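Reader: I would like a close look at one part of this model. Please take the side-chain pairs that join separate stretches of the chain.

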Amino acid sequence: MSSKSEHQTVPLSVLLKRELENEKIERPEISQGQASQSKKGEDFTFLKTECQRVAGDGVSTYSVFGLFDGHNGSAAAIYSKENLLNNVLAAIPSDLNRDEWVAALPRALVAGFVKTDKDFQEKAQTSGTTVTFVIIEGWIVTVASVGDSRCILESAEGGIYYLSADHRLECSVEERERITASGGEVGRLNTGGGTEIGPLRCWPGGLCLSRSIGDMDVGEFIVPVPHVKQVKLSNAGGRIIISSDGVWDALSAETAFECSRGMAADAAASQIVKEAVQVKGLRDDTTCIVIDVQPPEKPTPPLPATKKQSKGVFMSMFRKKPSESSSQNDKEYCEPDVVEELFEEGSAMLSERLDSKYPLCNMFKLFMCAVCQVEMKPGEGISIHEGDSNSGKLRPWDGPFLCSSCQEKKEAMEGKRPSGDGRYSSGSD
């Protein structure tokens, strides 16, 4: 018979510590800083490092950074800051290993953004917010964005990469056509006598963005479905800048990196805000988050002082990951001057963004809403493809599925239900 000493259990805290010590060998060190100058008090940030989860293949850590640039009040920005991460994590199955978890992030971010917007609208407040949300897991960076805040990356080798998309109406013919097809109107402010001034705006409401969280007074065609991009850095790391439009209206990406080169993350954030305010004055809330992703035991990424190439050149440096593989664990040698693109999608259609044709095909359960995660009885769920042109070819079990409430939200966003119908029509308190 074996003695007790041969079967002593090891406390979970000890196992976590051991796992973390082991993974530090291959995982980057992350340092961050933030700075802000306030005009309206509607910019909010979220910084959370060393988040831990017990995965199917051991302990995994990740970091989360968010910038929320509110408008028409701060309520939407504050609500999103407090609830978005939990809504994203709730959409990821709990039994995934590290690679599966990373593969699940793009769809989970879409579900989390839409749920956050839907829940906030039920509070019947008219505030809205842009969101730029960054999750870093190892060398993999996943960015989800709505609005006109921006996230950019400079690799250790000097390449500049744009990880978010601007959702200003001025920037996208496709977004303008989507809004008008859904019942909205797009035009500039008419001052009378046929004179139009300012940027393109969506009417009613006058919002110059095509996507945001909140803004229930503008219309459901201002959607919360984020652009999502996922890249893998080389093991030399790089620097990430997340800033509100107060920075980007004054500085180019190249200028932002150049003016802060060689500085620690916190000093760099302060310098970028200072430079932006010097150029145009403090006309808007001006906020910046700087994140350095570095190899272990190296204090700063070795950023060169050479002049950057054009955006088009850097975009061509991306290397596409083969679609047939779901593993993020690249065994091949990755050239040091290449940032590998793992995923990018910007469609505003939920049926395209939550589709099951992804590496992780079993992410959404049959009797659970793919957006709000509410459990449904057999037969209650509505296919995400309901009403699509090819929906007649679908089998009854072809999901993912939505509850009736989220199906109404989807139809409103697509212009199939008059904006403001149902519970979204209640007045503010």
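Are tyrosine 62 and tryptophan 101 buried or exposed?

Author: Both tyrosine 62 and tryptophan 101 are buried. Keep in mind that the model is predicted. The two rings form an aromatic pair, with 4.8 Å from centre to centre. Their planes stand at 40°. That angle makes the pair tilted, because stacked would need under 30 degrees and edge-to-face over 60. Tyrosine 62 sits in strand S3 (residues 58-71) and tryptophan 101 in helix H3 (residues 98-121), so the contact ties together parts 39 residues apart in sequence.

Tyrosine 79 has a relative accessible area of 14%, so it is buried. Phenylalanine 120 counts as buried because its relative accessibility is 1%. The count of aromatic pairs comes to three.

Now the charged pairs. The structure holds 18 salt bridges. One of them joins arginine 27 to glutamate 137, with the closest N and O atoms 3.6 Å apart. Arginine 27 is in the loop between helix H1 (12-23) and strand S1 (29-37). Glutamate 137 belongs to strand S4 (residues 128-137). The partners are 110 residues apart, and both are buried.

Lysine 229 bridges to glutamate 344, with 3.5 Å between the closest N and O atoms. This pair links strand S11 (residues 227-232) with strand S15 (residues 340-345), and the partners are 115 residues apart. Burial differs between them, because the limit for buried is under 20% relative accessible area. Lysine 229 has 1% relative accessibility, so it counts as buried. Glutamate 344 has a relative accessible area of 35%, so it is partly exposed.

Aspartate 292 pairs with arginine 239, the closest N and O atoms being 2.7 Å apart. Aspartate 292 is in strand S13 (residues 286-294) and arginine 239 in strand S12 (residues 238-243), so the bridge ties together parts 53 residues apart in sequence. Both partners, aspartate 292 and arginine 239, are buried.

Key. Residues are numbered from 1 along each chain as its sequence is written. This is a predicted model: local features need pLDDT of at least 70, side-chain atom pairs count only at pLDDT 80 or more; totals for chains, interfaces and linings use all residues. Side-chain values use heavy atoms; hydrogens and water are left out. A salt bridge is a side-chain nitrogen of Lys or Arg within 4 Å of a carboxyl oxygen of Asp or Glu. Helices (H or I, at least four residues) and strands (E, at least two) are DSSP runs, numbered from the N terminus. Buried means under 20% relative accessible area, exposed over 50%, partly exposed in between (1.4 Å probe, protein chains only). Rings of Phe, Tyr and Trp (its six-membered ring) pair if their centres lie within 6.5 Å; planes under 30 degrees apart count as stacked, over 60 as edge-to-face and the rest as tilted.
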